[in-house]
Amino acid sequence: MGLTIGVDIGGTKIAAGVVDEDGTILDISRVATPPTPEGVVEAIADAIKTVGKGVSAEAVGIGAAGYVDDKRATILFAPNILWRHEALKDKIEQRVGLSVVVENDANAAAWGEYRFGAGAGYDDVICVTLGTGLGGGIIIGGKLRRGRFGIAGEFGHVRVVPDGLLCGCGSQGCWEQYASGRALVRYARQRATATPDAATILLGLGDGTPEGIEGTHVSAAARQGDKVAIDSFRELARWAGAGLADLASLFDPSAFIVGGGVSDEGDLVLDPIRKSFRRWLVGSRYRPHAQGLAARLGGRAGLVGAADLARQG
Ligand SMILES: [Zn+2]
């Protein structure tokens, strides 16, 4: 199979791209994400038709945030779009006339990194995406593992703190409340409130108040040596690394790939994650250690991965 089309559904933009067998995006079309669930379906179809015009694409892969059933056809539940048992595969196939595969967005990103990014050369890879929340993907023996019902790899909602912080999912103490972009901002605001003198660079990037601190400010301030920003990354890394050690107990992978906006900081965040991982890995001195790798495809991973999963059928 030659060219396929991958679709990434973001909070503000829907992107559809023509992707070749090497994972290269040849052309891309972006439309704003409409506010209604029906509107999103039409926008996906429009983006596919626009980018696919005059191209002999053979299938479509769609990465969507949410629980996708084991047939890769229906979104059982989406946290950000009001989709409940949404038959997305059928609806898009009717509109574009190509076969469609629907995949969880974190799974699609994991597959993209495994095939064309940091995972090249490894067959047992666990991907963790530290974005606004925390997503995951499991590749064992060179295969994406979805579980019996298609919902495996939802690492973000493993409870790491009994009776901990309330999560958007309704539970408490979920890992993503402690290791995600949103958690990073919370750490920074708390620390800037407690010790403003150690956060002068960080506070200067926003409106001067702890509440005005955003994720991009924390990254920029950390690069400039702001103590509170660096400590906030360390706190995030402490939780992320401890969770990866638990995942090593579960899956024993050869590599972890850490993606999402937080991983853009590279070794600033990865080194403390690796350190925390070693600290919490059971039997650390007596066993081989999985590699801790930064994702390489950035925001393209989901689109490229979805397109490749469509190619694989
Ligand atoms: Zn949760």
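This is a predicted model: local features need pLDDT of at least 70, side-chain atom pairs count only at pLDDT 80 or more; totals for chains, interfaces and linings use all residues.
I then listed the residues in the contact: domain 1 gives 14 residues and domain 2 gives 15 residues.

**Sheet.** I next followed the open sheet, which has 5 strands in the order E3-E2-E1-E4-E8 with mixed pairing. Which strands stand at the edges? I find strand E3 (25-32) and strand E8 (99-104) there; each has a single partner strand, so one side of each lacks a neighbour in the sheet. From one strand to the next, I get an average twist of 20 degrees.

I looked at one pairing in detail. Strand E1 (residues 4-9) and strand E4 (residues 59-64) run parallel and are joined by 4 bridges. Within this pairing, I see Gly6 bridged to Gly61 in E4.

**Helices on the sheet.** I checked two helices against these strands. Helix H9 (residues 301-312) packs on the sheet and touches E1, strand E2 (13-19), E3, E4 and E8. I read the angle between the directions of H9 and E1 as about 135 degrees. Helix H3 (residues 105-116) lies across E4 and E8. For H3 against E8, I have an angle of about 100 degrees.

**Zinc site.** I moved on to the metal. Which residues coordinate the zinc ion? I find His157 through ND1, and Cys167, Cys169 and Cys174 each through SG, at 2.0 to 2.3 Å. I wanted the geometry as well: the 4 donor atoms subtend angles of 106 to 119 degrees, so the arrangement is tetrahedral. For that label I needed the cut-off that all angles lie between 85 and 135 degrees.

Along the chain, I read the donor spacing as H-x9-C-x1-C-x4-C. Both His157 and Cys167 lie in the loop between strand E11 (143-144) and helix H4 (181-194), so this pair ties together parts that are 10 residues apart in sequence.

Is Cys167 buried or exposed? I have Cys167 as buried, because its relative accessible area is 5% and the cut-off for buried is under 20%.

Conventions. Residues are numbered from 1 along each chain as its sequence is written. Side-chain values use heavy atoms; hydrogens and water are left out. Donors are N, O and S atoms within 2.8 Å of the metal (3.2 Å for Na, K and Ca); water is not among the atoms, so sites may look incomplete. Four donors count as tetrahedral if all angles lie between 85 and 135 degrees; four count as square planar and six as octahedral if opposite donors are over 155 degrees apart and all others between 65 and 115; anything else is irregular. Buried means under 20% relative accessible area, exposed over 50%, partly exposed in between (1.4 Å probe, protein chains only). Two strands pair if DSSP finds at least two bridges between them. Axes are lines fitted to C-alpha atoms, for helices over the stretch in contact, and angles run from 0 to 180 degrees between N-to-C directions. Contact means heavy atoms within 4.5 Å.
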